[in-house]
Amino acid sequence: MVAMVSPSSLFLILLFLSIPFSESNLTIDYYKNSCPQLENIIRETVTSKYISVPAAAAGTLRLFFHDCMVGGCDASVLISSNAFNKAERDADINLALPGDAFDVIVRAKTALELSCPGIVSCADILALATRNFVSMAGGPVYTVMLGRKDSLESNISSVEANIPRANTTMDEIIRMFESKNFTVGEMVALSGAHTIGFSHCKEFAYRLFGYSRSTPTDPSYHPKFSAALKKLCANYKNDSDMAAFNDPMTPSKFDNMFYQNLKRGMGLLESDNGLLRHPRTSHFVDLYAFNQTAFSNDFARAIEKLSLSGIKTGNQGEVRRKCDALNTFQT
């Protein structure tokens with residue numbers, strides 16, 4: 001007698017078979033028995049940091065993105081350079097990653113090493129901390145699978161081709177994401193992370209003061225917005241810390257205002273403004289500007305997918321004792 005398989009069971013079987021082996025090793029309750037206090041420790045650490053430094057939410061989300069885009073979500077961006085190796089952390093585009101984002105991971109790791117030493121990877125800590133920060137800032141609650149291992153390498157040369165810059169063209173950004181198996185829609189949804197946080201003036205000053213010989217200021221800026229930015233960034237050459245909110249309307253709230261701002265001529269970065277103007281991305285901007293729920297749902301799905309990108313499991317990695325160095329270099 002041949003056993004019949006229900007359509008729902010068949011779907012689950014096919015879904016499981018479509019997941020790469022390393023990803024299928026991850027589970028929601030990976031640390032249920034080995035480190036039962038994990039969620040409490042992450043929650044307490046993130047909450048404490050968010051209360052004292054709300055901007056750490058955007059900083060940690062950015063840190064997570066920069067980690068996952070280069071070789072996968074494996075905490076390689078947390079490794080410090082040493083006499084033998086220049087690490088990702090020292091790449092030019094990573095130098096502005098905020099110290100508070102690194103600090104919250106260090107604090108969580110320290111607490112976890114006291115509670116369950118040698119168990120929880122830095123990669124999982126970063127993924128969980130990012131999830132909690134997004135939620136605390138008003139963003140969607142999403143699922144984080146656990147069981148990642150930390151990378152065994154971190155090379156500065158790996159960064160440049162994998163993280164878009166403020167002036168990267170939209171065609172280049174699309175190609176970059178498609179090479180990592182992300183759709184255009186998923187890329188636009190992930191770009192909504194710019195609804196919180198800030199960018200340094202040096203990242204967009206050319207749009208204000210040197211756009212072209214005939215037009216010093218990028219005409220796609222709303223005139224009042226560019227005038228305000230010029231005042232804010234007037235001394236940016238002498239003060240590298242000068243910065244502007246990516247979303248000047250609700251800078252600390254994870255919402256869809258970022259997309260509404262693009263339609264108002266208030267896209268701070270050229271790469272953000274490109275989302276509105278490119279034929280493959282503009283309709284997503286229209287959708288998310290109008291529909292907060294659509295953005296929240298799509299962002300949650302996209303960041304869940306991102307969190308599974310290039311993960312290491314088993315002997316592909318290790319659980320670092322300290323997040324900033326491979327165990328080989330720790331005493």
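The dialogue below goes through some assignments in this predicted model and the reasoning behind them.

Trainee: Why is the pair formed by the rings of Tyr 221 and Phe 225 called edge-to-face?
Mentor: The structure holds 14 aromatic pairs. In the one formed by Tyr 221 and Phe 225, the ring centres are 5.7 Å apart and the planes stand at 70°; centres within 6.5 Å make a pair and planes over 60 degrees apart make it edge-to-face, so the name applies.

Trainee: How do you know whether Tyr 221 is buried or exposed?
Mentor: Its relative accessible area is 4%, and buried means under 20%, so Tyr 221 counts as buried. Phe 225, at 10%, is buried by that cut-off too.

Trainee: How do you know that the span of helix α14 agrees with its number of residues?
Mentor: At 1.5 Å a residue, its 15 residues should span 21 Å, and the end C-alpha atoms are 21 Å apart, so the two values agree.

Trainee: Why is Asp 247 said to have no salt bridge?
Mentor: The nearest side chain of opposite charge, Arg 264, is 6.7 Å away, whereas a salt bridge needs the atoms within 4 Å, so Asp 247, although buried, has none.

Key. Residues are numbered from 1 along each chain as its sequence is written. This is a predicted model: local features need pLDDT of at least 70, side-chain atom pairs count only at pLDDT 80 or more; totals for chains, interfaces and linings use all residues. Side-chain values use heavy atoms; hydrogens and water are left out. Buried means under 20% relative accessible area, exposed over 50%, partly exposed in between (1.4 Å probe, protein chains only). Lys and Arg count as positive and Asp and Glu as negative; His and the chain ends are not counted. Helices (H or I, at least four residues) and strands (E, at least two) are DSSP runs, numbered from the N terminus. The expected span of a helix is 1.5 Å times one less than its number of residues. Rings of Phe, Tyr and Trp (its six-membered ring) pair if their centres lie within 6.5 Å; planes under 30 degrees apart count as stacked, over 60 as edge-to-face and the rest as tilted.
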